[in-house]
Amino acid sequence: MSKTFRLLAEIKDEQIEAFQDTIDRLCDQFEIEFNVFKYSGYSKASVDAYLTELFVKCGMPTSCKGNIYLRTIVHLALSDSAYLQRKVTSKLYPDVAALYNTKAISVEKAIRHAISATWNNGNYMYLNKTFGFTISSSTGKPTNSAFIARIVDLVKANVPKTESTCS
């Protein structure tokens with residue numbers, strides 16, 4: 001009998017821990033989603049419109065998950081520039097993964113695939129003009145971090161700031 005009660009107690013404890021983990025994850029996810037809208041003076045709609053235009057000009061496939069992840073990454077980087085300062089793999093990918101209920105490595109791989117597909121099938125002249133100095137001499141395309149940083153720089157340079165911080 002005592003063994004049965006012990007097993008039931010362990011199962012109950014595991015369920016409570018799993019439930020608490022789910023609650024913690026949802027709270028973290030809500031905080032991340034909320035922070036995405038805390039722009040440094042950029043309109044979400046303006047940023048999204050610019051990214052759509054940029055990705056179309058580059059020839060990035062819209063069907064790539066990396067396209068969606070890149071958009072979220074740009075929004076996060078605009079809300080907190082610390083993401084781009086040596087925190088891409090340790091903070092940015094895990095935060096995006098939490099938003100999409102996936103793993104950080106999957107986010108990184110999807111972005112790498114989107115960049116590769118863009119470089120293999122995209123508008124090479126425009127890519128060279130826009131990303132020229134970020135292209136790695138060994139691979140012929142930018143690294144994920146260089147690509148992300150360049151996109152954020154382009155948004156900052158080409159999207160006008162607005163008075164509202166939550167649009």
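Which residues form one aromatic cluster?

Modeller: The aromatic cluster is formed by W119, F131 and F147. In this predicted model, the count of aromatic pairs comes to four. One of them joins W119 and F147: the ring centres are 6.1 Å apart and the planes stand at 75 degrees, so this pair is edge-to-face, the class for angles over 60 degrees. W119 belongs to helix α5 (residues 104-121) and F147 to helix α7 (residues 144-158), so that the pair links distant parts of the chain, 28 residues apart. W119 is buried, because its relative accessible area of 9% is under 20%. F147 likewise counts as buried, at 1% relative accessibility.

F147 also pairs with F131, and here the arrangement is stacked, with 4.8 Å from centre to centre and 15 degrees between the planes. Since F131 lies in helix α6 and F147 in helix α7, this pair ties together parts that are 16 residues apart in sequence. F131, like F147, is buried.

The residue T130 also deserves attention. T130 is placed in helix α6, which covers residues 124-131. T130 is buried, with a relative accessible area of 7%. A polar atom of the T130 side chain lies 2.8 Å from the backbone oxygen of Y126. Beyond its neighbours within four places in sequence, T130 is in contact with L54, R150 and L154.

Definitions and conventions
Residues numbered from 1 in each chain as written. Predicted model: local features only at pLDDT ≥ 70, side-chain atom pairs only at ≥ 80, totals over all residues. Heavy atoms only, no water. Helix = DSSP H or I, 4+ residues; strand = E, 2+ residues; numbered from the N terminus. Buried < 20%, exposed > 50% of the residue type's maximum accessible area, 1.4 Å probe, protein only. Polar contact = N/O pair within 3.5 Å; in protein donor to acceptor, adjacent residues only side chain to side chain. Contact = heavy atoms within 4.5 Å. Phe/Tyr/Trp six-rings, centres within 6.5 Å; stacked < 30°, edge-to-face > 60°.
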